[in-house]
Amino acid sequence: MMKHQIGWLSAILLLTACGNRNEKNSTPAVESLSVNQVVGIGKVIPQGGVVELAAPASGIVEERYFEAGDKVGEGDLILVLEKNVETLSLQESDAGIATQQLQVESARLALEQERIVLDDLRRRHVDAVELLTVGAVTGEEVRRLQKELDQGTEQLKKVENDYRLQQSRLWEMQTARATRENDLSQRSFRAPARGTLLTLTPRTGEAVTMHQPYGRIAPESPLVVMAEIDELFADRLAVGQRCNIHLPGDSNIAASGRITRLSPDLKRKSLFSDSGSDLEDRRIREIEVLLDEVPQTLFIESKVECRVELN
């Protein structure tokens with residue numbers, strides 16, 4: 001009986017050992033894969049980016065000169081806010097400056113008059129001193145003229161100060177006018193660059209707040225694709241690498257180009273997320289791809305796939 005049990009136990013151990021060897025032989029071998037292409041998500045934008053327009057002043061829109069989609073030139077008037085208060089304020093400054101200029105001129109004439117009077121007193125005093133040596137005038141007369149000369153000198157200083165004061169007031173008023181003129185110019189919103197007006201939010205009669213975004217302009221510059229490549233391939237990217245651009249879910253090549261710029265740092269993967277909830281704790285490297293040609297299927301801010309051919 002004991003021999004029979006030992007025989008069964010030996011058979012079980014032998015089968016277990018064979019099973020372990022088969023399991024080891026069935027483990028798949030790990031092969032290193034060569035990656036020649038990497039895909040990133042990107043967006044079509046003008047080189048340099050879209051210009052976000054911010055209101056330089058608050059107020060009610062009085063006039064609107066362009067619509068979204070219109071071409072604008074640098075300095076073109078896009079819209080104007082109501083500016084009655086600023087216009088009247090500037091007119092008040094002009095009137096005050098005109099009055100002050102007359103005050104300055106009066107002070108200047110008074111100063112010239114005082115200088116003439118003082119020159120005459122000096123001459124008379126010098127003559128009196130010479131006549132005193134020959135006894136033609138008395139010492140009392142010389143002292144009287146000396147006193148008048150001293151008083152005239154003090155009076156001249158006072159008139160000189162008044163002239164400088166009037167000039168200073170004129171300068172202050174001219175500075176205040178420049179500020180009011182700038183306030184008036186801020187009521188007119190102008191295009192900062194030549195391009196296409198993408199959006200223009202406020203309509204006539206609507207209010208805008210200072211620094212509030214009110215429109216966007218795509219400058220007239222070549223279109224590029226700004227794409228984000230996963231940090232895993234950050235060190236394999238290089239300027240000049242070829243890229244194929246695809247519309248999302250489309251295997252056909254929409255456009256081609258080459259990398260013209262690489263970000264020097266890694267960023268959070270958030271640039272092309274549609275909402276704040278899409279933010280991921282994953283880092284990427286930005287690339288700028290200059291397109292060889294821009295087909296009609298690509299629009300500014302189109303979301304695309306960018307397939308980079310790694311060297």
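Predicted model: local features only at pLDDT ≥ 70, side-chain atom pairs only at ≥ 80, totals over all residues.
An α-helix has 3.6 residues a turn, so residues three or four places apart point the same way.

Helix H3 covers residues 139-185, and its 47 residues should span 69 Å at 1.5 Å a residue; the end C-alpha atoms are 69 Å apart, in agreement with that expectation. Helix H2, which runs over residues 84-133 and has 50 residues, reaches 74 Å from its first C-alpha to its last, close to the 74 Å expected at 1.5 Å a residue. Just after H2, Gly 135 takes a positive phi of about 80°.

Although 32 residues separate Val 117 and Leu 149 along the chain, their C-alpha atoms are separated by 9.4 Å.

## The chain as a whole

The chain contains 3 helices and 15 strands, and of its 311 residues, 31% are buried. Among contacts with a separation of 6 or more, 77% are between residues 24 or more positions apart. The accessible surface of the chain comes to about 19700 Å², and carbon and sulfur atoms account for 53% of that area.

As for confidence, the mean pLDDT of the chain is 88, and 86% of its residues reach 70 or more. Over residues 6-25, however, the pLDDT is below 50, and beyond near neighbours in sequence this stretch has 0 contacts in the model.

In soluble globular proteins, nonpolar side chains tend to be buried together. The largest nonpolar core here has 22 residues, and those with the most contacts inside it are Val 225, Ile 245, Ile 287, Val 289, Leu 298, Cys 306 and Val 308. The elements giving two or more residues to this core are strands S1 (37-46), S10 (223-230), S11 (242-246), S12 (255-262), S14 (280-291) and S15 (303-309). Strand S10 supplies the largest share of this core, with 4 residues. Apart from this core lies another, of 16 residues, which includes Leu 79, Phe 189, Ala 191 and Leu 200.

Leaving aside its neighbours within four places in sequence, Ile 245 is in contact with Val 225, Asn 252, Ile 253, Ala 254, Ala 255, Leu 291, Leu 298, Val 304, Glu 305 and Cys 306.

The structure holds 0 disulfides. Cys 243 is in no disulfide, and the nearest cysteine sulfur, that of Cys 306, is 4.2 Å away.

## Positive phi in two loops

His 211 has a phi of about 70° and lies in the loop between strand S8 (207-208) and strand S9 (213-219); at 60% relative accessibility, His 211 counts as exposed. Glu 301 has a positive phi of about 75° and is found in the loop between S14 and S15, where Glu 301 is partly exposed, with a relative accessible area of 32%.

## Around Ile 60

Ile 60 is placed in strand S3, which covers residues 59-64, and counts as partly exposed at 30% relative accessibility. Not counting residues up to four places away in sequence, Ile 60 touches Val 80, Leu 81, Glu 82, Gly 205, Glu 206 and Ala 207. Ile 60 and Lys 83 are 23 residues apart in sequence, and their C-alpha atoms are 9.1 Å apart in space.

Methods:
Residues numbered from 1 in each chain as written. Heavy atoms only, no water. Core = buried A, V, L, I, M, F, W, Y, C linked by side-chain atoms within 4.5 Å. Buried < 20%, exposed > 50% of the residue type's maximum accessible area, 1.4 Å probe, protein only. Contact = heavy atoms within 4.5 Å. pLDDT = per-residue confidence, 0-100. Expected span 1.5 Å × (residues − 1). Areas by Shrake-Rupley, 256 points an atom, 1.4 Å probe, with all protein chains shown as cover. Disulfide = S-S within 2.5 Å.
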